[in-house]
Amino acid sequence: MTREADGLQYGSRATYGAALSGCDTNAARFNTIADMQAWLTGGDTDVALTSDEIAAIASAVWTRSIKNDTTGVAQTAGDRLIGAQSQNDLDAAVAAVLAQARANGTDLSALAGTVADAATHDEIAAVLAAIASQPTGAVDVAALAIALAAELGPDLAQQVADELHNRLQS
Amino acid sequence: MTLFWPDLSHHDRDRLGHAIDVAGLRAADAVGLTCKLSEGTSTDPRFVETFSQARTAGFAFAGPYHVLWPGQPGQAAWVWNRIKQLAPWLLDPPKGFVPVMMGDFEIFQEFTPFRAPTLAECHTFLDEFKALSGWGHNQLWAYMPEWLYGSTVISKLRYPWISSKYGGNPAGPYKSIYPGDGSARWDLAA
């Protein structure tokens, strides 16, 4: 890699008029004194990093451990990056599942009522049909009540009894 | 156009036998001046006598140079303090004047350890001085002979590079012994 000097010390035996001889002497190549002064005062941002310096900085950043505020665990940049990517994906997946679960829950609640109603209605209708098929006087009401309660459970049994009563009254 | 300036130390003053006529240097068309302030933590005994004259000589730039000792951290802070003590006017320079500071990076017999400062040490010195002084990047120079450091190291230097190539080192008026703007001495060997 080549480079030009910004200044050149070209001798150590120079004479500067009557003031001094045998001294070091230097030179700089500018069109004017003002140009050199502008260069002197304007050079804060123009020095490029070398490739080696960039690589060293990248390596230092990647391996630097910083404490994660949430977990309290010190992690390198590489680990934090992977973790953040996974956490984001996980959060998104959980949110989607929750949304679907909520939607499903609403449907299930509605469906449960429908199924319960349907089951209850069908069971009662079946019981009533069975009773109606019996000859008159052949129904042992007490036994029927016990059987209904045993077979249907107290709630359904009560509903059957109520429905029987209503039909007999009608 | 080429701009010229001398750099001076107590050797020049002592060889002359009396104070250097710094205004006379300006009259001979020197546009600037660098003057040895220190080496390690030792102050050049003639710095104040010579450099104090630079304040009113009408230079476009001037400043101290410091010979950096190897293996001694903290020299930038030491130099900055010496500047504040011995040339405080550099912190508030005259209008039209730009202060500079040059790091003299080479090897001298008196060094312990006996080696030249590493590039890292040179950078640390200049980086720290820059932070302390607030001076611009190009106001901080690195005098770094190519014969000592080689082109590979110098190619990694992050500051303005003052090369040192004397050729035959003839004696004479500074303009007449100048090798020219197109001289290969300006170039870092590939």
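Biologist: Let's start with the contact between the chains. How many residues does it take from chain B and from chain A?

Modeller: The contact takes 62 residues from chain B and 43 from chain A. Keep in mind that this is a predicted model.

Biologist: And what area is buried between chain B and chain A?

Modeller: About 4700 Å². Carbon and sulfur atoms give 59% of that area.

Biologist: How many salt bridges are there between chain B and chain A?

Modeller: The count is zero. For polar contacts, the count between chain B and chain A is 32 residue pairs, both residues being at pLDDT 80 or more.

Biologist: Which elements of chain B give two or more residues to the side that touches chain A?

Modeller: They are β1 (2–8), α1 (10–16), α2 (22–27), β7 (140–143), β8 and β9 (172–173) of chain B. The largest share, seven residues, comes from β1(B).

Biologist: How do the residues on that side of chain B divide into nonpolar, polar and charged?

Modeller: There are 38 nonpolar, 12 polar and 12 charged residues on the side of chain B that touches chain A.

Biologist: Where do B:Arg13 and B:Glu49 sit in the chain?

Modeller: B:Arg13 is in helix α1 of chain B and B:Glu49 is in helix α3 (residues 47–51), so the pair links distant parts of the chain, 36 residues apart. B:Arg13 is buried at 12% relative accessibility, while B:Glu49 is partly exposed at 29%.

Biologist: What about A:Arg3, which side chain does it meet in a salt bridge?

Modeller: A:Asp6, at 3.7 Å from N to O. A:Arg3 counts as buried because its relative accessible area is 19%, under the 20% cut-off. A:Asp6 is at 25% relative accessibility, so it counts as partly exposed.

Biologist: And B:Glu39 with B:Lys36, buried or exposed?

Modeller: Both B:Glu39 and B:Lys36 are buried. Their side chains meet in a salt bridge at 3.0 Å, N to O.

Biologist: New topic, helix α6 of chain B. Which of its residues are buried?

Modeller: In α6 (residues 146–154) of chain B, the buried ones are B:Glu146, B:Tyr149 and B:Ile154. Seen down the axis of α6(B), they fall within an arc of 110°, so they line one face of the helix.

Biologist: What do those buried residues pack against?

Modeller: They pack against α5 (119–133) and β8 (161–164) of chain B.

Biologist: Now the backbone. Which peptide bond is cis, with omega near 0°?

Modeller: The one from B:Thr112 to B:Pro113. B:Pro113 is found in the loop between β6 (101–104) and α5 of chain B.

Biologist: What is the phi of B:Asp29, and of B:Asn169?

Modeller: B:Asp29 has a positive phi of about 80° although it is not a glycine. B:Asn169 is not a glycine either, and has a positive phi of about 55°. B:Asp29 lies in the loop between α2 and β2 (32–39) of chain B, and B:Asn169 in the loop between β8 and β9 of chain B.

How values were computed
Residues numbered from 1 in each chain as written. Chains lettered and ligands numbered in written order. Predicted model: local features only at pLDDT ≥ 70, side-chain atom pairs only at ≥ 80, totals over all residues. Heavy atoms only, no water. Buried < 20%, exposed > 50% of the residue type's maximum accessible area, 1.4 Å probe, protein only. Helix = DSSP H or I, 4+ residues; strand = E, 2+ residues; numbered from the N terminus. Arc of directions from axis to C-beta. Contact = heavy atoms within 4.5 Å. Buried area = accessible area lost by both parts, 1.4 Å probe. Salt bridge = Lys/Arg side-chain N within 4 Å of Asp/Glu carboxyl O. Polar contact = N/O pair within 3.5 Å; in protein donor to acceptor, adjacent residues only side chain to side chain. Nonpolar A, V, L, I, M, F, W, Y, C, P; charged D, E, K, R; others polar.
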